[in-house]
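Please keep the sequence and the structure at hand while reading.

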Amino acid sequence: MLYATSTESTDDREEEHSMNEAITTEAPIYELRRVTRSYGSGTTKVDAVRDIDLTIDRGEFIAVVGPSGSGKTTLLQLLGGLDRPTSGEVVFEGRSLATLKESELTQLRLGTIGFVFQQFNLILTLSAAQNIELALAPSGLTASLRRARVTELLGSVGLASRGHHLPSELSGGEQQRVAIGRALANAPDVLLADEPTGNLDSTTGDEIIAVLHQLNREQNQTIVVITHDPYVAAAAPRIVRLHDGAVVDADGSRVLEVVS
Ligand code: ADP
């Protein structure tokens, strides 16, 4: 609600005013400035991503699309601190990732960034619940708090009654839900998903995307999804299109931002 009505108390209005202010003044979660990542050198040099300027706000749901080889995975790896740019800067929550030591980056990846991949990467000898609980090992929570958190996470990915099953007893879609639950275990500030529906049939893929949209809507989870699937992209509130490593408009022309 934008406007206070006459029946509200001054306190309510002051509280609402400060909440609105907090929303509007919140810094973006990511700021990418002229980011380039090159591989090789000389005649074999490839700019996997080049000169990307991109701002991502908290609570956004973004689909990154583009043909194979356009730089989607490279971009996601840079966002996740799994890789460093050759030039330019990736600023995450106000800190340039280049300034972080390897140990700080590892800490960031464990506690602040959640990853979901096309392959579910579950441990086959552990149940769904145990796969999620394993991700909570560094959290320092007591066993009972860990279990409570696992129950909550299973519920939020629609698997409340399937926690005791091994991955081999779950469908592909259910396994991907477990992987999403695991990625969310430490309440990451951002969830990065690389082709999360790539191994699933279209109906199951739609269900996974619906889970991601629900997490975004209900928990304000910031989500960046790489996808080949035009339906997945079409459902996203914001689409970032890549071509030959650069961000382009829907018609394929290069997006140039003025950088002061
Ligand atoms: P996408 O995810 O859109 O398929 P990628 O980010 O995987 O694209 O790759 C972008 C470009 O960078 C491609 O031309 C790819 O061959 C090249 N590339 C990616 N990773 C490497 C690497 N480790 N070494 C050399 N070239 C790479």
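How many helices and strands are there in the chain? The chain has eight helices and 10 strands, where helices (H or I, at least four residues) and strands (E, at least two) are DSSP runs, numbered from the N terminus. The model is predicted: local features need pLDDT of at least 70, side-chain atom pairs count only at pLDDT 80 or more, and totals for chains, interfaces and linings use all residues. Residues are numbered from 1 along each chain as its sequence is written.

**Overall**

- Of the 260 residues in the chain, 37% are buried; a residue is buried if 20 or more other C-beta atoms lie within 10 Å of its own, exposed if 12 or fewer, and partly exposed in between, with C-beta atoms placed from the backbone.
- Among contacts between residues at least 6 apart in sequence, 69% join residues at least 24 apart; two residues are in contact if their C-beta atoms, placed from the backbone, lie within 7 Å.

- Six strands form an open sheet of mixed pairing, in the order 6-7-8-3-9-10; two strands pair if DSSP finds at least two bridges between them.
- Strand 6 (113–116) and strand 10 (246–248) are at the edges with a single partner strand each, so one side of each lacks a neighbour in the sheet.
- On average, neighbouring strands of this sheet are turned by 25 degrees against each other, direction ignored.
- Strand 9 (residues 238–243) and strand 10 run antiparallel and are joined by three bridges. Histidine 243 has alanine 246, in strand 10, as its bridge partner.

**Helix 2**

- Helix 2 (residues 72–79) lies across strand 3 (61–65), strand 7 (190–194), strand 8 (222–226) and strand 9, at about 155 degrees to strand 8. Axes are lines fitted to C-alpha atoms, for helices over the stretch in contact, and angles run from 0 to 180 degrees between N-to-C directions.
- Glutamine 77 is found in helix 2 and is partly exposed, with 18 other C-beta atoms within 10 Å.
- Glutamine 77 touches Leu82 and Asp83, not counting residues up to four places away in sequence.
- Glutamine 77 and aspartate 194 are 117 residues apart in sequence, yet 9.5 Å apart in space, C-alpha to C-alpha.

**The ligand shell**

- Residues surrounding the ligand (C-beta atom, placed from the backbone, within 6 Å) include Tyr39, Val46, Lys72, Thr73 and Thr74.
- Helix 2 gives the largest share of this shell, three residues; strand 2 (46–56) and helix 2 each supply at least two.
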